[in-house]
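Here's a quick briefing to read with the model open beside you.

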Amino acid sequence: PPNEVDSRYHGRRFTGGGQVFYVPIENALVTIDPSSFGAQCKYFISMDPSHFGNSSQSSKFGALFWMYDPFVPGVWTVFREVLMRGGVNDQAAALLAAGAAADIPIAWPHDGQKGESSGGTIANLFKQFPFLKMHHTWATFGPGKDGGYNREDGIEKLNKMMSDGLLK
């Protein structure tokens with residue numbers, strides 16, 4: 001988009017303003033009852049910890065609950081979300097309340113390796129909860145040109161999936 005050219009091509013700072021996805025969200029919205037998912041369905045959770053920010057200026061903790069039905073190849077469904085402020089205990093409790101079970105793997109970003117005051121990492125704080133099945137390491141988009149951290153590739157993939165009706 002024209003309002004992002006300076007940032008994307010010239011490296012100038014760009015904060016907010018502007019649409020991330022060009023496919024209208026209405027095109028991806030469906031009404032679905034998670035209890036209707038078959039036994040063959042696979043689940044995972046992707047989360048982004050808030051780095052313990054409770055102020056209105058800090059980013060919120062967010063998690064998406066995903067489902068993939070192998071009988072409907074290529075289609076991914078986000079069926080639940082958690083968006084909140086609060087500490088790790090509150091965030092873990094919110095995941096549990098939303099349906100995170102010990103058998104649902106949880107993906108987390110590389111910044112979960114950031115330290116906290118006791119010398120541990122944010123990810124390790126979540127790994128202490130036995131009902132959360134945290135991946136052993138952070139998630140990457142793949143072997144892209146930025147070592148798996150290329151946001152643009154991920155955004156473009158999601159845009160294409162929404163455009164093709166593969167993300168619900």
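## The core and the overall fold

The largest nonpolar core holds 26 residues, and M47, L95 and L132 have the most contacts inside it. A nonpolar core here is a set of buried Ala, Val, Leu, Ile, Met, Phe, Trp, Tyr and Cys residues joined through side-chain atoms within 4.5 Å. Buried means under 20% relative accessible area, exposed means over 50%, and partly exposed is in between (1.4 Å probe, protein chains only).

This is a predicted model, where local features need pLDDT of at least 70 and side-chain atom pairs count only at pLDDT 80 or more, while totals for chains, interfaces and linings use all residues. Residues are numbered from 1 along each chain as its sequence is written, and side-chain values use heavy atoms, with hydrogens and water left out.

- Not counting residues up to four places away in sequence, M47 touches F61, G62, A63, L95, I106, A107, W108, P109, F126 and M134. Contact means heavy atoms within 4.5 Å.

**The big picture**

- The protein has four helices and five strands, and along the sequence they follow the pattern α-β-β-β-α-β-α-β-α.
- Helices (H or I, at least four residues) and strands (E, at least two) are DSSP runs, numbered from the N terminus.
- Of the 168 residues of the protein, 32% count as buried.
- Take the contacts with a separation of 6 or more: residues 24 or more positions apart account for 58% of them.

**The sheet**

- Five strands make an open sheet in the order β3-β2-β1-β4-β5, with mixed pairing. Two strands pair if DSSP finds at least two bridges between them.
- β3 (76-84) and β5 (133-134) are at the edges with a single partner strand each, so one side of each has no neighbour in the sheet.
- β2 (residues 61-68) pairs with β3 in the antiparallel sense over eight bridges.
- To find that pairing on screen, go to M67, whose bridge partner in β3 is T77.

**The helix across the sheet**

- α2 (residues 88-98) lies across β1 (42-48), β2, β3 and β4 (105-107), and runs at about 140° to β3. Axes are lines fitted to C-alpha atoms, for helices over the stretch in contact, and angles run from 0 to 180 degrees between N-to-C directions.
- V88, Q91, A92, A94, L95 and A98 are the buried residues of α2.
- Looking down the axis of α2, the buried residues fall within an arc of 155°, so they line one face of the helix. That arc is taken from the directions from the helix axis to the C-beta atoms.
- What covers those buried residues includes β1, β2, β3, β4 and α3 (122-127).
- On the face turned away from the buried side of α2, you'll find the exposed residues N89 and A97.
- Just after α2 comes G99, with a positive phi of about 115°.

**Aromatic pairs**

- A search of the whole structure turns up 11 aromatic pairs. Rings of Phe, Tyr and Trp (its six-membered ring) pair if their centres lie within 6.5 Å; planes under 30 degrees apart count as stacked, over 60 as edge-to-face and the rest as tilted.
- The ring centres of F37 and Y43 are 6.2 Å apart and the planes are at 40°, so this pair is tilted.
- F37 counts as buried at 12% relative accessibility, whereas Y43 counts as partly exposed at 29%.
- F44 and W76 make an edge-to-face pair, 5.7 Å centre to centre with 80° between the planes.
- F44 is in β1 and W76 is in β3, so this pair ties together parts that are 32 residues apart in sequence.
- F37, Y43, F65 and F79 form one aromatic cluster.

**A proline in a loop**

- P34 sits in the loop between α1 (5-10) and β1, and P34 is partly exposed at 27% relative accessible area.
- Setting aside neighbours within four places in sequence, P34 is in contact with F79 and R80.
- P34 and R80 are 46 residues apart along the chain, and their C-alpha atoms are separated by 8.8 Å.
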